[in-house]
Structure formats: C-alpha cells, structure tokens
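Me: I have a model open and want to learn how to read it. Please take me through some features one by one.

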Amino acid sequence: ARKIIPSGVNSTARAVWSGWDPYPLFVDHGTGSRLTDVDGNEYIDYLLGLGPMILGHRPPKVTKAVVDFIEKRGTVFALPVADELTLSNKIINAIPAVEQVRLCNTGTEAVLYAVRLARAYTGRKKLVRFEGMYHGFSDGVYWSKHPGLNVAGPDKAPMPIPQGPGMPAHLADSLIILPWNDVDALREAFAREGQDIAAVITEAVMCNTGCILPEPGYLEAVREITAKNGALLICDEVITGFRLSLAGAQGYYGLEPDLSTYAKGLGGGFPVAALGGRKDVMALVADGTVSMAGTYSANGIAVSAANAALDELAAPGLYDGLYERCQQLYDGLEKIIADNKVDAYVTGLGPVLQVWFADQPIRNYRDAARYARHDLFRIWWEEMLERGVLFHPGAFENLFVSFAHSKDDIAQTLSVAAEAMRAV
Ligand code: PMP
C-alpha cells in the first residue's frame, strides 16, 4: 500500500515534484539494486535516480570517500582542489577524444557550456539538434511541454517535436531541429546553411526517446559532415557516459567528437558534471574567453565522489559482467514477448534499454510518435510496479541496470515481467 502523501508532509508544498500521479511514490532509502518507499515496500530499481546510480544505491566506496572528505576537509569549493586535477586526468585517460576537462554540476550546465563554446570557437550561431532528444533545461536547447510555448505535438510524448511555425523567434534563428538517423536531412541542412552552423549536438544512442540505436554508418556520417563543414560535433554523454563503457557511447562506437558532456554516472549519485574535448577548443575555456562559472562547480565533495566512482568503474572486466547480466534480461524479455504474442521488442545497449510496444521498427522520434503504444506500456509499467519492479512510467524513457543488479535480481524481474506481460 502506498500513501498519497506521507504523514507529516505538508501538502501545501505542492510546488514540490509530486512524483508519478497516481503513484506518488515517496522514497525512504536505497541499497544496491533496491529502493524502499516510505511505506516499507521494496522495489528492484531500474530507475536508478534517472541513471546516475550505476554502482547501485549507497555505493560503499563512494559513500566513504564523501564522508571522509567532509570530516577531514570540509566542503571546500570556489578555489581549486588538487582532487579536481586527479579527476580530470582520470576522465582524460578514459576517453580518447577528451584532451581537456572543465567540471561543473549538472548535465544541463555541461551542455550549455558546450554550445556556448562551440559558438565562440566557430564564430557561428546555429545549433543542430534532433527531434526527441533531451539535452537539459537550458532554454536554448529545451522545448517545454507548455502548450503556449509549443507547436502541437503528440501530447503523450514527453518531447513534442519542436519545429515549424510554433518555434519561438528567439530560438528559430539559432536552432535547427532535424529527424535523427537521417543522413539526408543532415546533408540538406548543411547544404542550405552550413556556413552558419556552429555545432551538431547528439547522443550516440538516443536514450531520451526510448533508447534507439544509431543505424550502421550514421554516426560516421555525422562526424564526416560536421568535420567537412567546419562545425563541431558535441556528443551528449550525460546518460551514456561511464555507462555503456568507461569511455561511454563514443568508446563503444569509436566516435571521436570535438566536445563531450558528462554527468549522471560520473558522480556515483553526487552532482558533478564535465565538459571535455579537443584542447584547441577547450583553450577558450582555459583562457577565460568562454566563461564557465558556478559557485559549486568542482566542489570537493562531488569531486571526491567522482574520483571514488571512477576508480571502481576502471576495474578490469567490470563492464563485461554487466553486459552478460543485461543479455540475460534482454533474452528473457524477448522470450516473454514472444510467448505472449505481443507486438513489442526490446531495444537497448547493455545497461540502458527499453521495451517498445509497437508493431513497426522505430528508428527515430517520428516513428516513435507514430507507432509507440503508450497505453500498453502503461499497463505493463503498472503491473511491474505493483509487483515490485520500478522504472520510469514514460514509454520514451529507459530502464537502467547497475553493477549492483545480480543474476538473481534479473531472474526475479523476469518472473514478474512474465506475469505483467500476460496483462498486456
Ligand atoms: N543530456 C541528456 C542526454 C540527459 O539525459 C539529461 C538529463 N536527463 C541532460 C542532458 C540534463 O542533465 P541534468 O538533469 O543533470 O541537468
């Protein structure tokens, strides 16, 4: 049983995020792969704080590093701490395309700085982004669900397609929004206005529309087109970084972007983010031409958490074990889908995945908006939640698997999934 508002909580504080109506689940604590709500219900957690808890909840070494830092050194920030250099070097060593790093607090900030930097470096204004991708809450890249700010979109979709006459003028002269996995659309945009394009920003795996993989050759084409036209390629690794591999999605696909943004997985649950990339581009940050401010940026607590998290993630063979357990999950889900003769399929790459309830393959946001069965997804989600398996209720979101998820967790999840799929 879940209470709507936990006792003692003042319900007039309604500007507080109210959770997932009608399931406003209030969390009490997390341990490893498990989350426990205020009513004592335990869930196998595939939300993982929207991704960051790649090491599971309360990872002991990260927790210890943070507690030690606070007890022995305080909450230092606003002047550099040596640990910041240690962390930057770890990031540089893990990711070939990252030659220099500047730390900040959130993915939104890292993206905002990346775009600002690309504009300064190229002297151009326009940013190409892709329909259905989410790059944070910065107005320059975000599209609100508020009807007054948007063109009509499929309203169940978390990210209405931001294009056409409804785009506010202040964005229209600086933003070009294209379908993803579509080389021709990108070529046409560059043929038309390539001299004005500062950068293309993309995830290498489109996580914010239900984990769509790049088609063979697509990322290579994006790299080639941007390089040929003097535009920068920004790879948003806020979800994929340190998750798909130690070097993120770009490590997995062998992509070499000019700039990359990291957050979530980097800090083992603490707010720390990074912008990294080519030294000649980052030079504009280093010399102060492009400011990256932020009172709490690179604060010692978050940095010590990230240093501990990266040490753990660098253990040899770690990701291989994770991919094996994820394969167990993928295979089990595919079998359950087939047994129940549901029009659905599993999409994903290792520890980030989604189940598409659709009778057509989905290669970008336009397909997703057309074919995704939100109603069936919702039934599945509710049936899973009721049986103690937690993930985001959005059909366009993801399930995240952590290093703390054991084979037993996955076996238990699959037996729940089989029951839930019968309801679908
Ligand atoms: N980029 C991507 C790909 C994201 O998924 C997110 C957050 N979901 C962001 C940027 C923004 O990160 P943050 O919430 O830390 O500001």
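Me: By class, which residues does the shell around the ligand have?

Reply: Sort them by side chain: Ala, Val, Leu, Ile, Met, Phe, Trp, Tyr, Cys and Pro count as nonpolar, Asp, Glu, Lys and Arg as charged, and the others, Gly among them, as polar. Here the shell has six nonpolar, six polar and two charged residues. This is a predicted model: local features need pLDDT of at least 70, side-chain atom pairs count only at pLDDT 80 or more, and totals for chains, interfaces and linings use all residues. Numbering starts from 1 along each chain as its sequence is written.

Me: How many residues surround the ligand, and which are the closest?

Reply: A residue is near a molecule if its C-beta atom, placed from the backbone, lies within 6 Å of it. The ligand is surrounded by 14 residues, and T106, G107, T108, G136 and V238 are the closest. Helix 3 (residues 107–122) gives the most, with three residues. Helices are DSSP runs (H or I, at least four residues), numbered from the N terminus.

Me: Is A302 buried or exposed?

Reply: Count other C-beta atoms within 10 Å: 20 or more means buried, 12 or fewer exposed, in between partly exposed, with C-beta atoms placed from the backbone. A302 has 28, so A302 is buried. A302 sits in helix 9 (residues 300–313).

Me: Leaving aside neighbours within four places in sequence, which residues is A302 in contact with?

Reply: Contact means C-beta atoms, placed from the backbone, within 7 Å. On that basis, A302 is in contact with G267, F270, P271 and V272.

How values were computed:
Helix = DSSP H or I, 4+ residues; strand = E, 2+ residues; numbered from the N terminus. Contact = placed C-beta atoms within 7 Å.
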